[in-house]
Amino acid sequence: MRTAIFPGSFDPITNGHLDIIRRASLLFDRLLVAVLVHPSKPGCLPFADRADMIRRVTADLPNVTVEQFTGLLADYATSQGARVIIRGLRSAADFAYEAPMAWLNGGLGKGLETLFMLTSPQYAFISSSGVREIAALGGDISRLAPQALENQIYAACNRTE
Ligand code: PNS
């Protein structure tokens, strides 16, 4: 059983993430989507909601599971039997951010490989931060994030505190 892990903040999941999840799920027996819980960085969507939202939009993918994790990704991946970390790349800027992370994770002695998947070009401009900002200002996110999640994203990101 080959398990890969696709970690991220997913605040919120975007159409770009979903594209990577669909394509990676075809390459492995099991794909574990892992939502980082970072208590000092609460972000926009509550952590539990992020995982539930990903479950809803991946319900048609039988080999995809979604969990939350805290702490080191390398430890969590190993505990789940994953030797491959999937990360999406949109640009050279992403590569500059991702390469040191892959080297660091690879150097932790757990035998982890990071596999980069190029985003499909129609999603290359999408980011969670962009979705959050547009949603907070009441703009149209219908081409950026899964439509089934739109109302939840607007409700979470548009709240005034
Ligand atoms: O969606 P993001 O925010 O780009 O994902 C970043 C993530 C969650 C993959 C990364 O921050 C992470 O793995 N955090 C867990 C802590 C860890 O293992 N850090 C060492 C890797 S440099």
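How many disulfides does the count come to by the rule I use, a pair of cysteine sulfur atoms within 2.5 Å? I get 1 disulfide.

Ground rules before I go on. I am working on a predicted model, where local features need pLDDT of at least 70, side-chain atom pairs count only at pLDDT 80 or more, and totals for chains, interfaces and linings use all residues. I number residues from 1 along each chain as its sequence is written, and side-chain values use heavy atoms, with hydrogens and water left out.

**Disulfide.** I looked up the pair: Cys-44 and Cys-157, with sulfur atoms 2.2 Å apart. The pair links distant parts of the chain, 113 residues apart. I find Cys-44 in the loop between strand S2 (30-36) and helix H2 (47-57), and Cys-157 in helix H6 (residues 150-157). My helices (H or I, at least four residues) and strands (E, at least two) are DSSP runs, numbered from the N terminus.

Then I checked polar contacts, meaning N or O atoms within 3.5 Å. The side chain of Ser-9 puts an N or O atom 2.5 Å from a ligand oxygen. For the side chain of Arg-87, the distance from an N or O atom to a ligand oxygen is 2.9 Å. Leu-73 uses a backbone N or O atom, 2.8 Å from an oxygen of the ligand.

Taken alone, the ligand exposes 550 Å², and the protein buries 73% of that (Shrake-Rupley, 1.4 Å probe).

**Backbone.** Last, the loop between S1 and helix H1 (15-25), where I find Pro-12. A cis peptide bond joins Asp-11 to Pro-12, with omega about 0°. Phe-10 is in the loop between S1 and H1 too, and has a positive phi of about 50° although it is not a glycine. I flagged both, because most residues other than glycine have a negative phi and most peptide bonds are trans.

How values were computed
A polar contact is a pair of N or O atoms within 3.5 Å; within protein, one must be able to donate a hydrogen and the other to accept it, and residues adjacent in sequence count only if both atoms are side-chain atoms. A disulfide is a pair of cysteine sulfur atoms within 2.5 Å.
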